[in-house]
Amino acid sequence: MSIKQKSLYNKIWRNRPYFEDFITRSIYHSNAIEGNTISYAETYAITFNNNSLKINATPRELYEAINLKYAFHYVLDHLNDPLSLNMIKNIGILLNKNISEINGFRTTKADIG
């Protein structure tokens, strides 16, 4: 990890409540757009390993939240890296893990409704 990345992590963790809220809201709203029914509180519990809440969700809904968490970590770990096709593929792989295993770009048509 570079000095610049360590500095960013220090800034993030000094503002941990803000960071946790930002990540939770980002994951919650991104998944809600896709029809995921997990609540904000459930999203927080999944994202930050808070086991005090019973979560009623499908496996897909759980993986959508978990995968976004790991994709955020990946992006934060690579903030200083130039954007590349490989980075985009890696994010796609992380987002689809245990849902629709992929190893690159989508090869099928996607409808947006």
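**Charged pairs and their surroundings**

Colleague: What is the relative accessible area of E64, and is E64 buried or exposed?

Modeller: This is a predicted model, in which local features need pLDDT of at least 70, side-chain atom pairs count only at pLDDT 80 or more, and totals for chains, interfaces and linings use all residues. Residues are numbered from 1 along each chain as its sequence is written, and side-chain values use heavy atoms, without hydrogens and water. Buried means under 20% relative accessible area, exposed over 50%, and partly exposed in between (1.4 Å probe, protein chains only). E64 is therefore buried, its relative accessible area being 14%.

Colleague: Which residue forms a salt bridge with E64?

Modeller: A salt bridge places a side-chain nitrogen of Lys or Arg within 4 Å of a carboxyl oxygen of Asp or Glu. At 3.0 Å, N to O, the side chain of E64 meets that of R60.

Colleague: How many salt bridges does the structure hold?

Modeller: Helix α2 (residues 16-33) contains both E20 and R16, whose side chains form a salt bridge at 2.5 Å, N to O. D21 also forms one, with R25, at 2.9 Å between the closest N and O atoms. Together with the E64 and R60 pair, the structure's total is 3.

Colleague: What is the relative accessible area of R25?

Modeller: R25 and D21 are 4 residues apart in helix α2, which means about one helical turn between them. D21 is partly exposed, with a value of 25%. R25 is also partly exposed, and its relative accessible area is 41%.

Colleague: With which side chain does E61 make a polar contact?

Modeller: E61, in helix α4, is buried yet has no salt bridge, and the nearest side chain of opposite charge, R60, is 8.3 Å away. Leaving aside residues up to four places away in sequence, E61 touches G35, N36 and I38, among others, where contact means heavy atoms within 4.5 Å. A polar contact pairs N or O atoms within 3.5 Å, one able to donate a hydrogen and the other to accept it. At 2.7 Å, the side chain of E61 makes such a contact with that of T37.

Definitions and conventions:
Helix = DSSP H or I, 4+ residues; strand = E, 2+ residues; numbered from the N terminus. Lys, Arg positive; Asp, Glu negative; His and termini not counted.
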